[in-house]
Amino acid sequence: EAVPLIERINSLLADVEQSIQLQRRFVADAAHQLRTPVAGIRVLAQNLSEELASAPGDEAVWRPLLSQLERSTDRLSRLIGQLLSLARSETALSMDGEHQTLDLVPLLRESAEPVVLQALRQGRTIALEAPSAPVLARAHPIWLGEVVNNLLDNALRYGGPKVTLRVQPLPEGGAEVVVEDDGP
């Protein structure tokens, strides 16, 4: 009597797994397909700005609208990038074999590097506080890098002039990674 029940449960679990895979693929495909039209809208907005700047007319009327359009396309581009990161992260998390014990300090430095350069151009700072000894933890390097990059990007966007990335080993094993900013 238990065999048909077990077979049915296994079948349901397989269906759930397939549904999850389809959803992940849809999110990744949709985000990828949205990139091209959003980039086109951004280019058109820039061209429109150049055309309007050289044409006679009331700049006070069109400049705020065009600025809003440019901010909206930038926001949409960031959201698409986050969707792609989410799709990659969920795939990475589902592959437990790719998790490994590694020193987080070099990984955090590498993940933060592009955002640090952006912060320097803005006259802001990102400081890494880490012990001199290796900080070992079991993690997926790509996924952890994406998370840290996302948190630092948000801290630069919405925080104040100083951002701190801190890592420390935990007594029970693993590590704690913290991103702090002095914004609201």
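Helices here are DSSP runs of H or I with at least four residues, strands are runs of E with at least two, and both are numbered from the N terminus. The model is predicted: local features need pLDDT of at least 70, side-chain atom pairs count only at pLDDT 80 or more, and totals for chains, interfaces and linings use all residues. Residues are numbered from 1 along each chain as its sequence is written, and side-chain values use heavy atoms, with hydrogens and water left out.

**The helix pair**

Two packed helices are described by the angle between their axes and the distance between the axes. Helix 3 spans residues 104–121 and helix 4 spans residues 141–158. Their packing angle is about 35 degrees, and the axes lie 9 Å apart. Axes are lines fitted to C-alpha atoms, for helices over the stretch in contact, and angles run from 0 to 180 degrees between N-to-C directions.

Helix 3 brings Leu104, Leu107, Leu108, Ser111, Ala112, Pro114, Val115, Gln118 and Ala119 to the contact (heavy atoms within 4.5 Å). Helix 4 answers with Pro141, Leu144, Gly145, Val148, Asn149, Leu152, Asp153 and Leu156. By class, twelve of the contact residues are nonpolar, four polar and one charged. In this count Ala, Val, Leu, Ile, Met, Phe, Trp, Tyr, Cys and Pro are nonpolar, Asp, Glu, Lys and Arg are charged, and the others, Gly among them, are polar.

**Helix 4 on its own**

Helix 4 has 18 residues. Buried means under 20% relative accessible area, exposed over 50%, and partly exposed in between, with a 1.4 Å probe and protein chains only.

**Single residues**

Ser111 belongs to helix 3. It is buried, at 11% relative accessibility. Beyond its neighbours within four places in sequence, Ser111 contacts Gly145, Val148 and Asn149.

Ile126 sits in strand 2 (residues 125–129). Its relative accessible area is 16%, and it is buried. Leaving out residues up to four places away, Ile126 touches Val115, Val116, Ala119, Leu152, Leu156 and Val163.

Thr164 lies in strand 4 (residues 162–169). It is buried, with a relative accessible area of 7%. Apart from residues up to four places away in sequence, Thr164 touches Ala127, Glu129, Val178, Val179 and Glu180.

His99 is in the loop between helix 2 (59–94) and strand 1 (100–103). It is buried at 15% relative accessible area. Asp103 is found in strand 1. At 26% relative accessibility, Asp103 counts as partly exposed. Not counting residues up to four places away, Asp103 touches Pro134, Val135 and Leu136.

**Pairs apart in sequence**

The table gives C-alpha to C-alpha distances for some of these residues.

| Pair | Apart in sequence | C-alpha to C-alpha |
|---|---|---|
| Asp103 and Leu136 | 33 residues | 4.6 Å |
| His99 and Pro141 | 42 residues | 7.4 Å |
| Ile126 and Ala112 | 14 residues | 8.5 Å |
| Ser111 and Asn150 | 39 residues | 9.6 Å |

Methods. The expected span of a helix is 1.5 Å times one less than its number of residues.
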